Amino acid sequence: MTALLEVKDLKVAYGKIEAVKGISFSVHAGEIVTLIGTNGAGKTTTLRTLSGLLKPVSGSVVFDGEEITGVGAHKVVAKGLAHSPEGRRIFPNLTIEENLKLGAFLRKDADGIERDIESSYERFPILGERRRQAAGTLSGGEQQMLAMGRALMSQPKLLMLDEPSMGLSPIMMQKIMETIAELKAQGTTILLVEQNAQAALSLADQGHVMEIGKVVLSGTGADLLHDESVRKAYLGED
Ligand code: ATP
């Protein structure tokens, strides 16, 4: 089966600093694929490049059968690749509903948008209850739900999530991870960047461990979860 996303030998630099040094991986429809690794490994840089916010030095990105390497962010969203960024980046002074509508900015089907807003409220009831309140009044975990809901409003073929568990309490983190599992069960394909390796690998079909700009180990989520070097380096075992 051809992959939905195929990344080949991708290199990305900030000036002279090579942040991503030639990585390759693929994501098939229906899968959760995770990139794990410590701070500065290049995970966020990879997602920002895939969504067209950064231009790669070299390499190729094929999404849904089309080369999207170096294509601008708007076009990438239009092709069905959505990004829920690190730090969530919701608009605190806009209402929850206004934030959700922003995720549909490329869509013209008003009825479809209304339906999808209602589905967001079914998926995340707290967002529905507080739809007219400023998004800045939500807790961190609720803001993460809003960021995910907003990304889903573009009806993506692939949803990229950058550190959805960042800064959340263990209970909230578990809820977010359950939500990611539900999204997959409903057919959403997900590329998940996480520092919480245990949580991410438990959900993932495939995982890739990144260290200083390179993929150093790849395998199924279960294989990596049981890999001794991963357990020592990322799961805090001796
Ligand atoms: P984190 O979990 O902290 O986001 P990461 O794995 O996502 O880590 P990146 O944020 O992609 O890593 O960073 C990769 C490397 O690129 C790091 O060395 C970082 O310092 C560097 N870097 C990131 N953004 C910039 C920038 N705007 N200018 C210069 N260097 C940058």
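1. Largest pocket. In this predicted model, the largest pocket holds about 610 Å³ of space. Its lining is made up of 21 residues, and those closest to the centre of the pocket are Val 77, His 83, Pro 85, Phe 105 and Arg 150.

2. Make-up of the pocket lining. Sorted by class, the lining of the largest pocket has 10 nonpolar, 6 polar and 5 charged residues. Among the elements that each supply at least two residues of this lining are the helices H1, H2 (73–78) and H6 (140–152), together with strand E6 (81–84).

3. Shell around the ligand. The ligand is surrounded by 13 residues. Asn 39, Gly 40, Lys 43, Thr 44 and Thr 45 are the closest of them. Helix H1, which spans residues 43–50, gives the most to this shell, with 3 residues. H1 also supplies at least two residues of the lining of the largest pocket. The class count for the shell is 7 polar, 3 nonpolar and 3 charged residues.

4. Asn 39 places a polar side-chain atom 2.7 Å from an oxygen atom of the ligand. For Gln 195, a polar side-chain atom lies 3.2 Å from a ligand oxygen atom. Tyr 14 has a polar side-chain atom 3.4 Å from a nitrogen atom of the ligand. On its own the ligand has 630 Å² of accessible area, and the protein covers 63% of that area.

5. Open sheet. Four strands form an open sheet in the order E2-E1-E4-E5, and the pairing is antiparallel. Which strands stand at the edges? They are E2 and E5 (66–67); each has a single partner strand, so one side of each is left without a neighbour in the sheet.

6. Pairing of E1 and E2. Strand E1 runs over residues 5–14 and strand E2 over residues 17–27. The two pair in the antiparallel sense, over 8 bridges. One of the residue pairs to look at is Lys 11 with its bridge partner in E2, Lys 21.

7. Hairpin turn. How many residues lie between the strands in the hairpin of E1 and E2? There are 2 residues between them, and Gly 15 in this hairpin takes a positive phi near 60°. Tyr 14, which belongs to the range of E1 (residues 5–14), is also the residue with a polar side-chain atom 3.4 Å from a ligand nitrogen atom.

Terms used. Residues are numbered from 1 along each chain as its sequence is written. This is a predicted model: local features need pLDDT of at least 70, side-chain atom pairs count only at pLDDT 80 or more; totals for chains, interfaces and linings use all residues. Side-chain values use heavy atoms; hydrogens and water are left out. A residue is near a molecule or strand if one of its heavy atoms lies within 4 Å of it. A polar contact is a pair of N or O atoms within 3.5 Å; within protein, one must be able to donate a hydrogen and the other to accept it, and residues adjacent in sequence count only if both atoms are side-chain atoms. Accessible areas come from the Shrake-Rupley method with a 1.4 Å probe; for residues, only the protein chains shown count as cover. Ala, Val, Leu, Ile, Met, Phe, Trp, Tyr, Cys and Pro count as nonpolar, Asp, Glu, Lys and Arg as charged, and the others, Gly among them, as polar. Two strands pair if DSSP finds at least two bridges between them. On a 1 Å grid over the protein atoms alone, a cavity is a set of points where a 1.4 Å probe fits but cannot get out, and a pocket is an open set with protein on both sides within 12 Å along at least five of seven lines; lining residues have an atom within 4 Å of a point. Grid points are joined across faces, edges and corners, and a volume is the space filled by probe spheres set on the points.
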